[in-house]
Amino acid sequence: MSSGAADLRQRKKQSCTGSDKMAPEEANKENSKPGRSPKYVAMQRFAKLFFGCLAAVTSGMMYAVYLSTYHERKFWFSSRQELEREITFQGDSAIYYSFYKELLKAPSFERGVYELTHNNKTISLKTINAVQQMTLYPELIASVLYQASGSEEVIEPVYFYIGIVFGLQGIYVTALFVTSWVMSGTWLAGMLTVFIINRTDTTRIDYSIPSRENWALPYFACQVAALTGYLKKTLNCSAEKFCYLLVSASTYTFMMMWEYSHYLLFVQAVSLFLLDSFALAQTEKVHEVYKIYLFSLFLGYLLQFENSALLVSPLLSLVAALMLSKCLQMNMKKGTLVSRLLKIMYIYLVLTITVTLNFLLKMLVPHKENQHLLKFIEVKLGLNTTKNFTMNWLLCQESLQAPSQDFFLRLTQSSLLPFYILVLIICLFSVTQVIFRRICGEPLKETVKLEDGRIGERPEIVYHVIHTVLLGCLAMCLEGMKYLWTPYVCMLAAFGVCSPELWMTLFKWLRLKAVHPILLALILSMAVPTIIGFSLWKEFFPRIMTELSELQEFYDPDTVELMTWIKRQAPVAAVFAGSPQLMGVIKLCTGWMVSSLPLYNDDDLLKRNENIYQIYSKRSAEDIYKILTSYKANFLVIEDSICNEVGPVRGCRVKDLLDVANGHVVCEEGDSYAYSKHGRFCHEIKMNYSPYVNYFTRVYWNRSYFVYKINTVISFQS
């Protein structure tokens with residue numbers, strides 16, 4: 001073990017010069033093969049790189065065009081008026097796009113940014129820093145690009161905005177292509193990765209184009225691709241520097257684009273920690289990535305208006321603990337039995353320091369981290385129960401529930417899940433063998449050859465195996481996490497079936513003698529992906545073409561009429577109250593001030609949302625009037641779809657959750673008992689009798705919405 005550790009330390013200390021020396025030696029070995037001149041080898045490499053890059057870029061562009069075409073067919077986007085286009089942005093997506101519009105309307109970019117950082121025209125009685133609270137850096141960049149490029153005379157703002165998002169999705173797919181290519185050594189794996197990507201389970205861009213993850217995840221995919229190359233053992237100095245710079249830039253950009261990015265980077269840091277703990281990667285490289293995390297957190301903290309959430313993030317605590325334990329780790333790789341014991345102690349030490357640091361930081365640093373996330377995890381894991389409306393409403397959201405059977409059925413029908421499980425099992429067993437050899441004192445090989453059948457000794461492969469397992473565990477708990485997990489399932493499955501090393505690893509275990517294993521591995525690495533590609537092409541290509549040829553009518557005349565009435569009849573200084581999702585659309589389409597927004601990272605907004613949702617509860621007219629006037633609301637919008645909601649899960653309807661939270665429904669021994677002195681407000685107000693008419697006056701209604709003016713002077717009438 002000691003000789004293996006010394007060999008590993010010596011390998012870690014190799015400089016870029018050493019790496020450069022290795023590259024010519026390998027090239028000389030290739031050139032020494034009979035019938036191959038240096039020019040021939042160089043041309044062959046250039047052709048492979050050129051056509052691979054061309055295929056990667058083409059795949060990304062085709063995917064972006066596909067998403068754009070599907071979006072056009074789904075919403076008839078180009079044939080709609082501006083108001084009808086904006087209605088397609090729902091919930092929080094509407095809020096993000098509304099701030100993009102405000103930036104373009106501002107007299108100057110500086111003035112627009114100032115108005116966003118001191119925003120008092122969106123939520124009544126509340127001044128917010130919208131750039132920090134809603135992570136509006138994508139909108140800042142989009143507005144700058146739109147104005148600086150002179151696109152005002154060429155393209156409408158909405159097309160420029162969604163065009164950038166679709167372009168980023170193309171970069172996302174290109175990054176997955178490159179990652180699979182780097183891992184397998186053939187760009188056939190990249191082609192297969194793109195081909196088996198299922199839009200339904202890999203992106204939510206269908207109905208929420210401006211959402212933060214649609215802006216952020218492409219940068220994370222670029223970071224993962226660069227990290228995959230950076231972890232490779234045989235990498236020349238220039239390529240290593242390029243990968244390092246790309247990892248640094250993409251990590252920081254990803255952190256700036258999404259408020260929850262540091263949680264995903266924490267999962268990645270855990271993967272690297274486990275990779276380094278078992279001495280399966282060069283420690284110096286792993287610690288360089290840790291430094292990138294620290295730099296990104298520090299710079300993000302400064303440029304995000306001293307965002308304290310980054311200081312109390314688990315990522316900072318873990319990286320700090322790892323850096324503090326670095327000296328101890330270097331000293332423990334001596335001896336045999338002692339090193340094993342110290343290895344266990346090291347992992348325990350890092351975890352202990354991480355938890356302690358995070359606890360101390362939360363005690364010392366004033367922060368507004370989402371406390372409801374911790375409560376949500378407790379309730380989700382069954383460690384606690386609650387009657388809180390907001391918590392139960394979050395638990396009822398589809399994205400926060402366990403994945404449905406349809407999800408696994410779709411992955412199985414596309415052959416993705418079976419091949420992913422096969423690849424994962426082979427890689428896990430190979431990694432287990434490598435760890436066992438390390439414990440027994442056998443050093444890792446400097447270069448792993450095809451005939452060795454040791455795919456588990458490649459650090460970039462081990463990293464992806466650990467990463468996809470951790471993301472998979474999260475996806476099994478929360479369906480929304482499938483959008484993070486499924487793309488990497490596609491990439492890992494495509495890499496596996498196209499990798500001769502993986503097949504060779506399997507054949508080594510099976511001890512094939514009838515057929516030469518290397519030849520069979522090379523044949524299968526070409527034949528299996530080809531068969532999969534053709535079968536999927538035959539089955540799914542007609543569906544895609546039918547999907548793109550069908551014109552799906554999306555039209556919501558009731559919402560259009562409501563927005564038109566508000567713009568024509570409501571006073572400019574009016575404040576509207578209603579469900580947060582509808583308020584986001586009202587803010588975007590009309591510009592009027594609202595009393596709440598569909599945002600869940602602020603305790604005050606969460607409390608506002610719960611209070612205003614009381615319009616669908618069994619509360620008195622006086623109670624509702626007091627709530628609405630406390631937020632200076634002038635108009636109330638009742639949605640018939642919520643008031644008369646008939647959901648598939650009865651206990652998850654808004655009115656049911658409110659009844660439980662307010663104590664209007666009591667559950668004893670499996671039976672429910674309803675009790676309230678008042679009828680449901682949203683029903684009773686439509687009857688137009690006292691005391692409701694004393695507080696509210698109906699001014700507009702259609703099939704879906706009822707708008708009431710909140711009386712400033714209460715006239716009591718019988």
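**Exercise 1. In which sense do strand 6 and strand 7 pair, and over how many bridges?**

Solution. Keep in mind that this is a predicted model.
- Step 1: Find strand 7 at residues 705–710 and follow its pairing with strand 6, which is antiparallel and covers 5 bridges.
- Step 2: Pick out individual partners, including Arg698, whose bridge partner in strand 7 is Tyr708. Trp701 stands opposite Phe706 of strand 7.

**Exercise 2. What is the strand order of the open sheet, and which strands lie at its edges?**

Solution. 
- Step 1: The open sheet has 5 strands, and reading across gives the order 2-1-3-7-6, with mixed pairing.
- Step 2: The two ends of that order are the edge strands, namely strand 2 (593–594) and strand 6 (696–701), each of which pairs on one side only.
- Step 3: Turn to strand 3, which runs antiparallel to strand 7 and is joined to strand 7 by 5 bridges. Here Val637 stands opposite Val707 in strand 7.
- Step 4: Ask how covered strand 7 is: 5 of its 6 residues are buried, so that counts as mostly covered, where buried means under 20% relative accessible area.

**Exercise 3. Which strands does helix 31 touch as it packs on the sheet?**

Solution. 
- Step 1: Locate helix 31 at residues 621–630.
- Step 2: List its contacts: strand 1 (575–577), strand 3 (635–639), strand 6 and strand 7.
- Step 3: Compare directions: helix 31 makes about 75 degrees with strand 6.

**Exercise 4. Where does UniProt place the feature "transmembrane region", and how much helix is found over residues 417–440 and 484–506?**

Solution. 
- Step 1: The unreviewed UniProt entry places this feature at several stretches, among them 46–66, 263–281, 417–440 and 484–506.
- Step 2: Residues 417–440 are 96% helix and 0% strand, with end C-alpha atoms 34 Å apart.
- Step 3: Residues 484–506 are also 96% helix and 0% strand, and their end C-alpha atoms are 29 Å apart.

**Exercise 5. How far does helix 25 reach, and how many of its residues are buried?**

Solution. 
- Step 1: Helix 25 (residues 482–498) has 17 residues.
- Step 2: From first C-alpha to last it reaches 24 Å, close to the 24 Å expected at 1.5 Å a residue.
- Step 3: Helix 25 is mostly covered, with 17 of its 17 residues buried.

Methods:
Residues are numbered from 1 along each chain as its sequence is written. This is a predicted model: local features need pLDDT of at least 70, side-chain atom pairs count only at pLDDT 80 or more; totals for chains, interfaces and linings use all residues. Side-chain values use heavy atoms; hydrogens and water are left out. Two strands pair if DSSP finds at least two bridges between them. Helices (H or I, at least four residues) and strands (E, at least two) are DSSP runs, numbered from the N terminus. Contact means heavy atoms within 4.5 Å. Axes are lines fitted to C-alpha atoms, for helices over the stretch in contact, and angles run from 0 to 180 degrees between N-to-C directions. UniProt positions are given in the numbering used here, feature names are shortened, and annotations may be inferred rather than shown by experiment. The expected span of a helix is 1.5 Å times one less than its number of residues. Buried means under 20% relative accessible area, exposed over 50%, partly exposed in between (1.4 Å probe, protein chains only).
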